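Morning, everyone. I'll take one structure today and go through its sheets and then its helix packing.

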Amino acid sequence: EAAVVRGDTIAAIATPPGEGGIGIVRLSGPEAVAVADKVFRGRVRLAHAPSHTVHYGRVVDPRTEEVLDEALVLVMRAPRTFTREDVVEIQGHGGFFVLRSVLRAVLSAGARLAEPGEFTLRAFLNGRLDLAQAEAVLDLIRARTEHARRFALRQLAGDVSQVVRGLFEEAQALRAQVELELDFSEHDEGEIDREEFLRRLEVLRRRVGDLLRGKALARLVREGPAVVLTGRPNVGKSSLLNALLREERAIVTPVPGTTRDVVTGELELAGFRFRLLDTAGLRATEDPVESIGVARARKALREADLVLLVVDGSSPLDEEDEEIARYVASLSVPTIVVVNKSDLPRRLEDRRLAELVPSSPIVFVSAATGEGLEELEDRLRLSVLGDGGWEGVLLVNERHLRLAEEAEAALAEAEASMRSGATLDLVALPLRVASERLGAILGIDVGEDLVRQIFSRFCVGK
Ligand code: GDP
Ligand code: ZN
């Protein structure tokens, strides 16, 4: 366990700006209790208070004895605290001016204003959290969807750290074997069992690869799946978008070609934030504004996580429908065919449609009446949750993913060297890289600059 870093005593407002029922000024450090005592007037002196107790009293300006607020004060002594230092929380009324005056009193009593993320930084430096967990604190605060929250929470709980630590230790063990062998090779001692070594190396590489399964998912969790609506003018794309969003975001009009831009709306479904994009037509056109729209539409389609190919069920497929369908089918992006206007008599040939976009599900809906929208939403859900490759520990943090990718590549290199019978230093070197990268996920032997950079993204008070 890491030695406790003896820092000075820091303080900051821990609750968000604005008015709230309560507001908290938090202190951490060796003088936290002594500083709090200077501004607190209650029945007991906090210096005599047992750990993890709550005290009612007044907060005063220590220079003038002016009462600033009434408050509940929590005294928590090291090491059973977030920072593993003495921590005091002053819970007062949640107004900006009240909190600021309490903070000023605390600062004049000897605390220093905390830097962004400094509480969490201390928790990291004192071994209360590893770096992956500290980053999870940030991810959790920033989580905008159910899944983002879930993954951050798991990361914070240490699930990710535990798996990564196991892999790191295995990489270290393999590395030690090779390096030992290199040291002794002149004396022909400690012969490595290459078969057995290769087997372990391969297992390790595969397990690192497993963590990377989260890569695609990470983006979906972070940004939300991009769902692009396409189809010829007037099939009802904008109406469908509005129906899904239940608001007037895109412009609906009976004149073809008015949705020139890519319009975005967000739809919360199954814990994901789906980004819906309505596109202009795909046809080459003379109008320069339209043709910009067409270029954008094609780009959006290529980069989509899911395409909704919309057709009008009340009219036969025309050439433009077929053109668009063929283009979409050529993209190899998962696609749902949406036959709209199911409230009108069907004049569309389903079979022809199925031939054009084979292996894509077809859903019948009416943007006008809402019929079939639930089924469409189920399909959207399935499209991201589909393969069920969700369970187990996945990396979703960008920094972690990059490091794990580098570790995987280095392990593959070590494996290739071992297989080809290369000298052992060509195995040792990539193995060192691999174990360093895995360790860096946990914050082992990372530079101060990186740590500083990560924590600077936090807000003050965290
Ligand atoms: P877009 O060009 O594909 O975006 O099509 P719009 O959403 O602008 O709709 C074109 C026309 O079709 C409008 O007059 C809509 O009111 C109409 N429309 C859209 N969806 C439906 C539907 O489900 N049923 C019926 N009857 N009309 C619809
Ligand atoms: Zn439109």
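This is a predicted model: local features need pLDDT of at least 70, side-chain atom pairs count only at pLDDT 80 or more; totals for chains, interfaces and linings use all residues.

A word on terms before the strands: two strands count as paired if DSSP finds at least two bridges between them. With that in mind, E11 and strand E12, residues 335-340, pair in the parallel sense over 6 bridges. One of those bridges has valine 307 with threonine 335 as its partner in E12.

The protein chain has 462 residues, and buried residues make up 41% of them. It contains 16 helices and 13 strands. Of the contacts in the chain with a separation of 6 or more, 68% are between residues 24 or more positions apart.

Now the open sheet. What is the order of its 7 strands? They run E3-E4-E5-E6-E2-E1-E7, with mixed pairing. The edges are strand E3, 40-42, and strand E7, 112-113; each has a single partner strand, so one side of each has no neighbour in the sheet.

Inside that sheet, take E2, residues 20-28. Strand E1, residues 10-13, runs antiparallel to E2, and 4 bridges join the two. Alanine 11 is opposite leucine 27 in E2, and isoleucine 13 is opposite valine 25 in E2. The hairpin of E1 and E2 has 6 residues between the strands, and glycine 18 takes a positive phi there, near 105°.

E2 is also joined to E6, by 8 bridges, and these two strands run antiparallel. Leucine 27 turns up again here, standing opposite valine 88 in E6.

One helix belongs in this part of the talk. Helix H1, residues 32-39, lies across E2, E3, E4, E5 and E6, and runs at about 35° to E6.

Two packed helices are described by the angle between their axes and the distance between the axes.

Helix H6, residues 159-184, and helix H15, residues 425-442, have axes that come within 9 Å and cross at roughly 155°. H6 and H15 are therefore roughly antiparallel to each other, and H6 passes H15 in a left-handed crossing. Which residues meet? On the H6 side they include Val164, Leu167, Phe168, Ala171 and Leu174, and on the H15 side they include Val427, Ala428, Leu431, Leu438 and Ile441. By class, that contact has 14 nonpolar, 4 polar and 5 charged residues.

The other partner is helix H7, residues 194-211. H6 and H7 pack at about 155°, with their axes 11 Å apart. That makes H6 roughly antiparallel to H7, and the crossing is left-handed. From H6 the contact uses Val163, Leu167, Glu170, Ala171, Leu174 and Gln177; from H7, Phe197, Arg200, Leu201, Leu204, Arg207, Val208 and Leu211. The residues divide into 9 nonpolar, 1 polar and 3 charged.

Leu167, Ala171 and Leu174 of H6 are among the residues in the contact with H15 and among those in the contact with H7. That's the tour; I'll stop there.

Definitions and conventions
Residues are numbered from 1 along each chain as its sequence is written. Chains are lettered from A and ligands numbered from 1 in the order in which they are written. Two residues are in contact if their C-beta atoms, placed from the backbone, lie within 7 Å. Axes are lines fitted to C-alpha atoms, for helices over the stretch in contact, and angles run from 0 to 180 degrees between N-to-C directions. Angles under 35 degrees count as roughly parallel, over 145 as roughly antiparallel, 65 to 115 as roughly perpendicular and the rest as oblique. A crossing is left-handed if the near helix is turned anticlockwise from the far one by less than a right angle, and right-handed if clockwise. Ala, Val, Leu, Ile, Met, Phe, Trp, Tyr, Cys and Pro count as nonpolar, Asp, Glu, Lys and Arg as charged, and the others, Gly among them, as polar. A residue is buried if 20 or more other C-beta atoms lie within 10 Å of its own, exposed if 12 or fewer, and partly exposed in between; C-beta atoms are placed from the backbone.
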